[in-house]
Amino acid sequence: MTDSIYSNLTQLGGDTRIPESPEAAELERVQNPQADVQYNVRFTAPEFTSLCPMTGQPDFAHMVIDYVPGQWLVESKSLKLYLTSFRNHGAFHEDCTVSIARRLVEFLDPQWLRIGGYWYPRGGIPIDVFWQTGPMPEGVWIPDQGVPPYRGRG
């Protein structure tokens, strides 16, 4: 790669292993070439998986992350590997969801970020977890996350 905003990326274009844990996962970022404009970036992970810390059984969620970047953009492959690292990680739904958001906020220093963790039922109860850094910024189109509430058979 030539010297550019992308030259420090290490996970693109080669073999990468799934990190053993979220703590071991390496997020990467690039300078935002459109930093003079406010806009929303959305990542949707409809097959997020983690483990119940008590039983070791898998838990599944549909994660939606919206952020208005500042000076940095998260590199999407590194984010995908980070999210995948939760497959062997035991934590409750609330901890997984908020931990992801807080790590991204610390790493990117975005103007605004929100996460919706729409967890599929276990034991008959779906759990949805929502967190954001503050009020939505004015003048930025931030659509509804588009995930309907769980209805089951009712």
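Me: What makes P22, E23, S50 and L51 count as contacts of H89 in this model?
Reply: The model is a predicted one. Contact here requires heavy atoms within 4.5 Å. H89 meets that condition with P22, E23, S50 and L51, once its neighbours within four places in sequence are left aside.

Me: Where does H89 lie?
Reply: H89 is placed in the loop between α1 and α2.

Me: Why is H89 called buried?
Reply: The word applies under 20% relative accessible area. H89 has a value of 19%, and therefore counts as buried.

Me: How are α1 and α2 placed relative to each other?
Reply: Helix α1 covers residues 76–84 and helix α2 covers residues 93–108. Their axes come within 12 Å and cross at roughly 150°. The crossing of α1 past α2 is right-handed. On the α1 side, L79, Y82 and L83 make the contact, and on the α2 side S99, I100, R103 and L104 do.

Me: What classes of residue make up the contact of α1 with α2?
Reply: Five residues are nonpolar, one is polar and one is charged.

Me: Which residues does UniProt list for "binding site"?
Reply: The unreviewed entry lists V74, E75, S76, H93 and E94.

Me: Why does V74 count as buried?
Reply: Its relative accessibility is 8%, and the limit for buried is under 20%. V74 therefore counts as buried.

Me: Where is V74, and which residues does V74 touch?
Reply: V74 belongs to strand β4, residues 72–74. Not counting residues up to four places away in sequence, V74 touches L27, E28, R29, F43, Y67, L79, L104 and L108.

Me: Why is E94 called partly exposed?
Reply: Buried ends under 20% and exposed begins over 50%, with partly exposed in between. E94 has 41% relative accessibility, so E94 counts as partly exposed.

Me: Which element holds E94, and what does E94 touch?
Reply: E94 lies in helix α2. Leaving out residues up to four places away in sequence, E94 touches I127 and V129.

Note on methods: Residues are numbered from 1 along each chain as its sequence is written. This is a predicted model: local features need pLDDT of at least 70, side-chain atom pairs count only at pLDDT 80 or more; totals for chains, interfaces and linings use all residues. Side-chain values use heavy atoms; hydrogens and water are left out. Axes are lines fitted to C-alpha atoms, for helices over the stretch in contact, and angles run from 0 to 180 degrees between N-to-C directions. Helices (H or I, at least four residues) and strands (E, at least two) are DSSP runs, numbered from the N terminus. A crossing is left-handed if the near helix is turned anticlockwise from the far one by less than a right angle, and right-handed if clockwise. Ala, Val, Leu, Ile, Met, Phe, Trp, Tyr, Cys and Pro count as nonpolar, Asp, Glu, Lys and Arg as charged, and the others, Gly among them, as polar. Buried means under 20% relative accessible area, exposed over 50%, partly exposed in between (1.4 Å probe, protein chains only). UniProt positions are given in the numbering used here, feature names are shortened, and annotations may be inferred rather than shown by experiment.
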